[in-house]
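Visitor: Hi, could you walk me through this one?
Guide: Happy to; here it is.

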Amino acid sequence: MSAAELDLVTLQRLLPVANAEQVSVLLGAGASAAAGLPDWNSLATQLLQLSGTIDDEETARAFLAGQDPSLAAEAARAGVGNWLELVREALYPPSPVETEPAALHLAVASLAAGRPVGDVGLFTLNFDLLIEWALQDALEEVGSDAGVQARDTEDDRAPRGAFEVHHLHGYLGQDPADTGEIVLTLSDFTKLSAQSSPWQRAELQGALSRGPLLLAGTSYRDSDIRQWLHELKLATRPDKGFILLARESFGLSRQQFDLVKDALVAQWASIGVSAVLVQDHSDAAQAIRELSALNRADYLAPKVRAGALWDAIKGDFDQLQPEHSDQLARDLTRLRPVLGDDANMTLWLADGAGQIVRWSSHDRLYRSPEQLRTVPVGHDSPWIAGQSLGSSDIWARDLSEAMSTRRWQSVVAAPCVAELPGGPPLPTAVLSSAATTSLEDQDVDAWREVLTDLAEEWAERQVWTS
């Protein structure tokens, strides 16, 4: 399911987390992969290439196919002098813009910032500091001056009154000044596992004594995490362990994911962890956002909220079609200084059932709802609008041969995150625009900026149209 598909039955599995006065969240590699950073396989591939161990990417990936990435990282480490700098180079590929927190970082940060310091335990398996950045922004939004500190050793504790992010495998920021101890190679994991009482396990033990532990963006591949969760005996602690499993982490199609759902739930249940299955990492993020409202008397699940909005707009088809088309035409005048006269603008709406509907365009009117195109939502949707809604992020893409036409060659799509009655803000629509030339011929930053502003305005309009 996508964020707008999340139903009450699914979310009620998280009621013990929503009801708890204190809760802890552990983020895995999927959180940062959604922000554009490499997952463990991609990181190991980069390390092999950058170290000169294996020259070409195809061979490096084949080398990785049959073994643990931590062992491949060991091979890369053997051939370099400054290991940490090599890891930093592999982790943060050159980019003109700084990496920004993704949906999971923002959702967890919002959850923590909305409660007193210490009520939400923060754990991550990632080296980056994206959760810290997201938390600093969230605290600023609520007017809090509490500090935020990364922890990667037993003694490196945050001062009283500050938020503490436990980096179970250490941290390595983009800035060389942000360098700690990292656990990456097989020998690193072996050394850590040999410790009788590592601080990481002790901290997780303390977190479980205070409330439930929610895992997100992890696939349970790390040997130390498997060992620690086993030693914490979650199977004997009902309603203590939960995981949000996103199809995006497994690289499976929707059909394949349906076939393995029972197996996924059963394998996690065997170690005492309740699995809640979603499609994308952004869906897991939305589930975390829902925790703050799940017990409200007026609460409505995202599926209901998105479906009600779609039904209301579709029910007023004859009036809203021309109104929205005219508004899109006016909006397009704000993009023409960036894209030129030959561009388009389209509004897509989530239907609450896993599809996104091409509702309105600036240059045409549809005669009936039956004429509207529907496409799937998600990270692997064949349509940019579906990908944008599935990730709850802005996307800029050159169109492939399969998707391009003689006219349109590139597209930018931005989600509309609306505040609808019954729950927290929810991505329910996408505003997209296309140009007749490739992205390299455009001022993409200006294009994204204007479209983002317009998407925010459309999100506000959805309140009164519902």
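Visitor: Is serine 392 buried or exposed, or partly exposed?
Guide: Serine 392 counts as partly exposed because its relative accessibility is 23%; buried means under 20% relative accessible area, exposed over 50%, and partly exposed in between, with a 1.4 Å probe and protein chains only. This is a predicted model, where local features need pLDDT of at least 70, side-chain atom pairs count only at pLDDT 80 or more, and totals for chains, interfaces and linings use all residues. Residues are numbered from 1 along each chain as its sequence is written, and side-chain values use heavy atoms, leaving out hydrogens and water.

Visitor: And what is phi of serine 392 near?
Guide: Phi there is near 55 degrees, a positive value in a residue other than glycine. Most residues other than glycine have a negative phi.

Visitor: New topic: how many aromatic pairs are there?
Guide: The count is four; rings of Phe, Tyr and Trp (its six-membered ring) pair if their centres lie within 6.5 Å, with planes under 30 degrees apart counted as stacked, over 60 as edge-to-face and the rest as tilted. One of them joins tryptophan 40 and phenylalanine 127, edge-to-face, at 5.5 Å centre to centre and 75 degrees between the planes.

Visitor: Are tryptophan 40 and phenylalanine 127 buried or exposed?
Guide: Both tryptophan 40 and phenylalanine 127 are buried.

Visitor: Which residues do ring pairs link into a cluster?
Guide: Trp310, Phe317 and Trp359. Phenylalanine 317 is buried, with a relative accessible area of 6%, and tryptophan 359 is buried too, at 0%.
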